[in-house]
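Subject: Structure for your files

Hello,

Here is the structure you asked about, with notes on what was found in it.

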Amino acid sequence: KFLRSKAMLLFSQIDALRGQLAHLPATVKGPLTISSMFSFYNHVLPDLVHVFSQQYPEVSFRLIPEMLESKLFEDISSNKVDVGILASERIPDDFLTIPLFKTDITLFASPQAKLPPENMLDLTDIAQMPIVAPSVHSSLWQNILRQAQRYGVKLNPRHIIMHQDCLVRCVSQGLGVSMLDRFVLEDALFAQKIQAVSLSRFFRPRQYYMVLSQSGAYQYPQVKAFLNFMKQQFEIADDNKGTQIETIEDAEVALH
């Protein structure tokens with residue numbers, strides 16, 4: 001009984017202190033380091049950063065493009081990166097993952113390219129085209145290769161262009177075809193300059209996640225603010241326990 005009474009007193013004091021701290025005025029400021037794969041980095045992250053900076057003008061950004069999943073995970077584990085954003089089927093269990101949205105893999109070509117109708121397009125047709133890839137080691141390309149192998153099709157890129165804006169521009173001018181995330185087409189810079197055909201008949205949608213380290217219990221205010229901001233932008237809601245995150249079904253709804 002003595003221990004119980006002391007414990008109840010202690011926890012009541014903790015609750016009171018927690019309530020006081022929650023209502024203290026806090027300025028969200030300081031560096032925020034975000035690393036993401038090329039597609040998201042080039043075509044989605046800039047708009048998100050712009051809106052977030054309007055709400056939190058004292059946050060200074062460190063934005064890092066990443067090509068390799070392993071490097072991104074390494075940087076998060078070593079606390080070089082606050083938040084990682086990627087599409088992956090192989091996220092280690094020791095990371096906190098928050099699903100954002102799904103997007104289809106899409107074939108991109110110049111407006112002048114003569115492509116078969118979507119219902120007649122086959123992976124063997126694509127294999128015979130000049131393929132432009134961001135990198136043979138990128139998570140996107142590795143995902144495409146693994147799924148193409150299920151159909152017995154080997155895709156060999158003719159051109160490697162690592163900067164995705166440059167890649168899309170070269171494709172739009174007729175250098176070849178490429179396979180990218182669907183939301184690239186939503187980019188105002190390219191929407192009218194590219195021809196797109198869905199490859200959802202062959203490839204599973206790619207699930208994008210926010211990834212954070214679970215090793216540190218404390219998150220800086222700017223990191224917490226960014227997580228809450230992303231949940232609002234992508235219409236993500238915690239469940240009743242607050243431990244799992246639901247994801248939206250339609251990527252285009254999320255991005256707009």
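Just after helix 7, glycine 174 has a positive phi of about 100°. Helices (H or I, at least four residues) and strands (E, at least two) are DSSP runs, numbered from the N terminus.

On sources: this is a predicted model, in which local features need pLDDT of at least 70 and side-chain atom pairs count only at pLDDT 80 or more, while totals for chains, interfaces and linings use all residues. Residues are numbered from 1 along each chain as its sequence is written, and side-chain values use heavy atoms, with hydrogens and water left out.

In helix 7 (residues 164-172), the buried residues are Gln164, Asp165, Leu167, Val168, Val171 and Ser172. Buried means under 20% relative accessible area, exposed over 50%, and partly exposed in between (1.4 Å probe, protein chains only). These residues lie on the same side of helix 7, because they cover an arc of only 160° around the axis. The arc is that of the directions from the helix axis to the C-beta atoms. Their cover includes helix 2, strand 5 (105-109), strand 6 (132-133) and strand 8 (178-181).

In helix 3 (residues 45-55), Leu45, Leu48, Val49 and Phe52 are buried. They span an arc of only 95° around the axis, so they sit on the same side of helix 3. They pack against strand 1 (30-37), helix 2 (38-43), strand 2 (59-66) and helix 8. The face turned away from this buried side carries the exposed residues Asp47 and Gln54.

Cores

A nonpolar core is a set of buried Ala, Val, Leu, Ile, Met, Phe, Trp, Tyr and Cys residues joined through side-chain atoms within 4.5 Å. The largest has 60 residues, of which Phe40, Met179 and Met230 touch the most other members. Helix 8 (residues 221-233) gives the most to this core, with six residues. Apart from it lies another core of nine residues, among them Phe73, Ile76, Val81 and Phe95.

Valine 81

Valine 81 is in the loop between helix 4 (69-77) and strand 3 (83-87). With a relative accessible area of 5%, valine 81 is buried. Not counting residues up to four places away in sequence, valine 81 touches Thr33, Ile34, Ser35, Ile64, Asp75 and Ile76; contact means heavy atoms within 4.5 Å. Valine 81 and leucine 63 are 18 residues apart in sequence and 9.3 Å apart in space, C-alpha to C-alpha.

Regards
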